[in-house]
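I opened a structure that was new to me and kept a notebook as I went. The entries follow in the order in which I looked things up.

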There are 2 protein chains.
Amino acid sequence: MIKNKLGIELPESIEGYGKVKAYQGAFATIPTGMKASVKQSYSLPNQSKLVASLSEAIVKSGLKSGMTISFHHHLRDGDGIMLLVVEEIAKQGIKDIHINASSFTNAHEGIIEYIKSGVITKISTSGLRGKLAEEISKNGILPNPITFRTHGGRARAIESGDAHIDVTFVGAPTCDSLGNMNGHEGPCAFGAMGYPMVDVQYADVVIALTDFLQPHPLRYISIDQTYVDYVVEVESLGDPAKIASGATRITSNPSELLIAQKAAKVLIASGLIQTGFSFQAGAGGAALAVCRYIREYMEDNDIKGGFASGGINSYLVELLKAGLFSRLLDVQTFDGTIAKSIHENIDHCEMSASMYANPHNKSCIAHQLDIMILSATEIDLDFNVNSLTGSHGIIMGAIGGAPDTAAGAKLTVMVVPALRKRLPIVVEKVTHIITPSETVDVLVTDRGICVNPNRPDVLAKLKEARIPLCDIKELYEDIKQLTGTPKKVECGDKIVGVIEYRDGTVLDIIRQVKS
Amino acid sequence: MIKNKLGIELPESIEGYGKVKAYQGAFATIPTGMKASVKQSYSLPNQSKLVASLSEAIVKSGLKSGMTISFHHHLRDGDGIMLLVVEEIAKQGIKDIHINASSFTNAHEGIIEYIKSGVITKISTSGLRGKLAEEISKNGILPNPITFRTHGGRARAIESGDAHIDVTFVGAPTCDSLGNMNGHEGPCAFGAMGYPMVDVQYADVVIALTDFLQPHPLRYISIDQTYVDYVVEVESLGDPAKIASGATRITSNPSELLIAQKAAKVLIASGLIQTGFSFQAGAGGAALAVCRYIREYMEDNDIKGGFASGGINSYLVELLKAGLFSRLLDVQTFDGTIAKSIHENIDHCEMSASMYANPHNKSCIAHQLDIMILSATEIDLDFNVNSLTGSHGIIMGAIGGAPDTAAGAKLTVMVVPALRKRLPIVVEKVTHIITPSETVDVLVTDRGICVNPNRPDVLAKLKEARIPLCDIKELYEDIKQLTGTPKKVECGDKIVGVIEYRDGTVLDIIRQVKS
């Protein structure tokens, strides 16, 4: 066993994952050597890329048992692509497939049967939810541990060669016959194509699936034809109504609004809300609500922000239109209804997951952030944060870009309720560490605000602004009085997940929960 | 010695160039293996890329004697970047530098002194003109032969690793502090950034030079920050008045207009001018004038073209605005006055040199062309074309995208005067082969139209349309009666240039001309 910087004990090597590199600190890894190289290719004049069926495209791709395929999750809960492809792969008798997806959503429960039948034996993802997550966490149906990566970490892993993709399947809301595509038009328009922008550059074979085939050359090109091998028309990419998910609405919950209001006060006190400041908020209810409160402050003080980044929602588009931010940098559009904004508004810019958050390119947007607002499932006395598993140890969320933006931002503020359904959110030790303490600055709950001791500068600012603060241990004791100490999770030996930090080192491991 | 498919004898290896691969046919090379990989990098939060001076940027880049630097030629005759950089390199005592530029223009005569002093010892380019070309062709001042590449071939060579770049210097008309840049705005706006889009992806170090530094993040991003190491503010990128060159104006020369008119008749007779057709014309006067004549036909017959590609001039922007083409695909904007069109008109799309014409990616625009119109300095009885040297053997032009588009287009039409200044343009053997005969279909001159015998289908169409045709040998004899047979060029042994085909094989070599 080895121990990482956070004191987590890790095996030196994990079957089905490989050698473990221990986390040494947020910016401890200095990459050396070369990135992955890609296969040579060529084209002939007027060569067609259109294939008659998905089945034919898979045959032409040379996909074989044991290989890795990849998907993006821009269609969110409406995604119809992953299951369509996996079903076809199963029909062809291909087995032992590794799926590397930017995330799994509620649309992917159907994967369970293909795991049970041995078609899918490995998964890499940013998150996992619902019954699929339970089956893996509790029943251990997947032979190999899941590799969990941040959005930036996934881009890094693909570029560095840590995560080789044999065939990527790109759901393309609009596509022409040579594979020029964008995500803004068509019946399943979802907006930015930030995740597949990375996959198409490094995968051996790129298959575009579209339900909105357009004449070549496409008008607005997010991914161009030089990266695409085959184009397949399918009946539908999925259910457009489910592309916008509930997680992106601004809350009306009074407790969340209270937290958001307090967080806004912290931001104002920090002195960072100045003309040109940059801002991102995660997808949680309170996180989004913070936008509403800082809007008032910005309007009252005539402050115009620089960029807002990340998953872009309709409220941010509203702020852009109102002139409160000068740019939106969009890796993933949270709401299909604003998909068109990208090509209608020159200040709403699409970016790749690498430009968004890869720590190992020449600069990413996450590293330019002034303010990051995040939610969590747990935060502990050391300020380590969990957003992937519940206190029951079961996988139920996603890493997303949280560790990327927390590391990059000047000020990272966690907005969480002190308790949820009688369970404490502030705990002694988080069940799993997703975002390490050194990158987390302030905790705002409905029962108190705490500052990470490694940020005396922030502490001083908040004290100066007379914001009532408390020690996180006091807050923890307070909450414990209400909730009692929850039972420790009982785990077996089987490792069901490996949590990588954005640089590819390991933060933590997830073991199967005893049921 | 080895002989290529065109019967040209080549040494097996050339000093200062390396092993020679003989040209085997337009699509004979099937690349295998992997493309070049690039160095790992990383960034820290809020890390600045701004350096105080070009001198400092060069020091930080680690540039050393013997290395390769690269430049784009989007600023054309107005380019002030190459000499600014070379001067600084010389000051730092760095020698033996290889310049890989997308082309050399009249702005680069000043390089002569740096060749003479040993600072520059090698050049790779698409073309060379004026005194610099003469000094190399006649006086042999450059120690190593020039490697001449097509625009598509240069992209291929960089991507494949054949042409490694240590440090690229990108003149950026608009740039922010992290290196997001575009070519459409600023005092030296030139339009599309097609050439450096390739360099920045593969060079070890990328230095952006700008005279129009903007707040981060830039509004319209053609090359993004993930590729850029350093940003340097310079006083000026060059002379904006010289960005539009005379080579891009439509001719008023009656003989050229006659040729253009005849060529338009050939195009119409070919049956290719149909709704959705794609079109490109080279930069010569007659080539551009063809656009004017097919416009009439398109308007009269209510035909709307698909895309027009390549170097985009103001006349094509006019055709786009008039709805005669649905898209412009722009690798290089020929006229600074239309630079803004790219972000004002969604149908005027920028593309990289790889997307334009690289034969070894998954599809390039050149391979989708219906019609290509090209000019030349010479064409011979086999339909081989020269556009790089004159009949005196001296380098005086550029390969450009001619061999790329000729290979890709369904119909390639050469538009040339039968003679220029009493010199025959139709000759027995071209002085050097740039575009091989198998990719050239029709020759249109003021004294006759000839069809390449390898295109009986085109011959039949033109005969059907009663277009008067002649045999190229007859035309040649006709012209010879007027011009006599020009003296053969006398060459020495020293090889001053190696002409690569787009796939990296060698078409021909250029030897020093005896003066």
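Below are my notes, grouped by topic.

**Ground rules**

I am working with a predicted model, in which local features need pLDDT of at least 70, side-chain atom pairs count only at pLDDT 80 or more, and totals for chains, interfaces and linings use all residues. Residues are numbered from 1 along each chain as its sequence is written, chains are lettered from A and ligands numbered from 1 in the order in which they are written, and side-chain values use heavy atoms, with hydrogens and water left out.

**Entry 1: the two chains**

I looked up how chain B relates to chain A. A rotation of 180° with 0.0 Å of shift along the axis superposes chain B on chain A, at an RMSD of 0.0 Å. This is the relation of a two-fold axis. The superposition is by least squares on the C-alpha atoms of residues with pLDDT of at least 70 in both copies.

Which residue of chain B comes closest to the rotation axis? I found Ser37(B), with its C-alpha at 2.2 Å.

Next I looked at the contact, meaning heavy atoms within 4.5 Å. Chain B puts 60 residues into it and chain A puts in 60 residues. The same surface serves both copies, as 100% of the contact residues of chain B recur in chain A.

I noted the buried area too, which is the accessible area (1.4 Å probe) that two parts lose on being put together, summed over both. Between chain B and chain A it is about 5,300 Å², and carbon and sulfur atoms give 56% of that. On the chain B side, Gln40(B), Arg219(B) and Lys362(B) lose the most area to chain A, together 16% of what that side buries.

**Entry 2: domains of chain A**

I found chain A divided into domain 1 (51–242) and domain 2 (246–489), with bounds that come from an automatic or database domain assignment. The C-alpha centres of these two domains of chain A lie 29 Å apart. In the contact between them, 36 residues of domain 1 of chain A meet 32 residues of domain 2 of chain A. The two domains of chain A bury about 2,600 Å² between them, 61% of it on carbon and sulfur atoms. Arg76(A), His184(A) and Ala192(A) supply 19% of the area that domain 1 of chain A buries against domain 2 of chain A, more than any other three residues.

**Entry 3: nonpolar cores**

For this entry a nonpolar core is a set of buried Ala, Val, Leu, Ile, Met, Phe, Trp, Tyr and Cys residues joined through side-chain atoms within 4.5 Å. Buried means under 20% relative accessible area, exposed over 50%, and partly exposed in between (1.4 Å probe, protein chains only).

Which members of the largest nonpolar core touch the most other members? Of its 128 residues, they are Ile69(A), Ile99(A), Ile136(A), Phe169(A) and Leu443(A). Domain 1 (51–242) and domain 2 (246–489) of chain A both give residues to this core, so it lies between them. A second, separate core has 115 residues, including Val51(B) and Leu507(B).

In chain B I also checked Val85(B), which sits in helix H2 (residues 81–91). Helices (H or I, at least four residues) and strands (E, at least two) are DSSP runs, numbered from the N terminus. Val85(B) is buried, with a relative accessible area of 0%. Among the residues Val85(B) touches are Leu54(B), Ile58(B) and Phe169(B).

**Entry 4: aromatic pairs**

Rings of Phe, Tyr and Trp (its six-membered ring) pair if their centres lie within 6.5 Å; planes under 30 degrees apart count as stacked, over 60 as edge-to-face and the rest as tilted. By this rule I have 10 aromatic pairs over all chains. The rings of Phe277(A) and Phe279(A) have centres 6.5 Å apart and planes at 75°, so this pair is edge-to-face. Phe277(A) is buried at 1% relative accessible area. Ring pairs link Phe277(A), Phe279(A) and Phe325(A) into a cluster.

**Entry 5: backbone details**

I found a cis peptide bond joining His216(A) and Pro217(A), with omega about -10°. Pro217(A) is in the loop between strand S14 (213–214) and strand S15 (230–233) of chain A.

Buried or exposed: which applies to Lys421(A)? At 83% relative accessibility, Lys421(A) counts as exposed. Lys421(A) has a positive phi of about 50° although it is not a glycine. Phe383(A) has phi near 75°, also positive in a residue other than glycine, but Phe383(A) counts as buried at 2% relative accessibility.

Terms used
Lists of a residue's contacts leave out its neighbours within four places in sequence.
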